[in-house]
Amino acid sequence: MFRRTFLLSSVMLLAACQSYEVNRDYDSSRDFGAYHSWAWKEPALQYSPDDPRIKSDLTEQRIREAVGQQLDQRGLRPAAKGTADLTVQAWLIVDERQQQTSYNYGGYWGGYWGGYWGGPAYTETRTYHYKVATLQVDLFDGKDGKLVWRGSAEQIMKSAPPSPAEREAAIRETVAKVIEQYPPR
């Protein structure tokens with residue numbers, strides 16, 4: 001019993017400490033130095049699934065502010081409607097995932113003298129369910145509307161709901177990691 005409790009708490013601790021998995025992709029034929037302004041592509045934030053527990057005006061406001069600050073730090077300025085070099089759209093995606101882990105118990109042991117002893121062996125398989133949140137930021141060319149840059153970060157969600165201050169800090173940190181390598185080099 002103690003062993004199972006220890007294993008479960010270890011898995012949960014590792015999940016809580018897991019870092020972001022960040023992915024980026026871009027159109028290498030584009031001149032990113034030519035982009036100087038940006039505007040939101042409406043709807044600015046898409047949710048998947050479209051669940052009211054995830055969808056929130058407060059979340060959208062936090063993501064809009066964090067993306068705006070990161071783009072500003074990279075020399076991109078908000079544009080008047082219809083004149084932006086880039087249009088921006090973000091996605092907040094929450095997936096349910098599972099992981100199976102098998103543990104082997106018992107069995108036979110042998111010594112160098114050739115004797116074997118032990119009890120019967122058995123395998124126990126446990127399934128762990130968890131949620132993964134992904135924040136994706138897409139940048140589209142303002143003239144032709146084609147995707148020119150995409151960045152995303154995913155992280156295992158903690159089981160306890162975060163406070164509003166923790167949510168804001170997590171969104172700012174995640175957006176910073178996503179846009180960290182824009183413009184591509």
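Tutor: Helices (H or I, at least four residues) and strands (E, at least two) are DSSP runs, numbered from the N terminus. This is a predicted model, in which local features need pLDDT of at least 70, side-chain atom pairs count only at pLDDT 80 or more, and totals for chains, interfaces and linings use all residues. Residues are numbered from 1 along each chain as its sequence is written, and side-chain values use heavy atoms, with hydrogens and water left out.

Student: Which pattern does the chain follow along the sequence?

Tutor: The chain contains three helices and six strands. Their order along the sequence is α-β-β-α-β-β-β-β-α.

Student: Which element of the chain has the lowest mean pLDDT?

Tutor: pLDDT is the predictor's confidence in each residue, from 0 to 100. The chain averages 84, and 83% of the residues score at least 70. Among the elements, the highest mean, 95, belongs to helix α2 (residues 57-73), and the lowest, 39, to helix α1 (residues 2-17).

Student: What is α2 in relation to α3, by the angle between them?

Tutor: Axes are lines fitted to C-alpha atoms, for helices over the stretch in contact, and angles run from 0 to 180 degrees between N-to-C directions. The axes of α2 and helix α3 (residues 164-179) come within 9 Å and cross at roughly 40 degrees. Angles under 35 degrees count as roughly parallel, over 145 as roughly antiparallel, 65 to 115 as roughly perpendicular and the rest as oblique. Relative to α3, α2 is therefore oblique.

Student: What is the relative accessible area of T134?

Tutor: T134 lies in strand β5 (residues 116-141). Leaving aside residues up to four places away in sequence, T134 touches W91, L92, I93, S152, A153 and E154. T134 is buried (under 20% relative accessible area, with exposed over 50% and partly exposed in between; 1.4 Å probe, protein chains only), its value being 10%.

Student: Where is P183 found?

Tutor: A cis peptide bond, with omega about -5 degrees, joins Y182 and P183. P183 belongs to the segment after α3.

Note on methods: Contact = heavy atoms within 4.5 Å.
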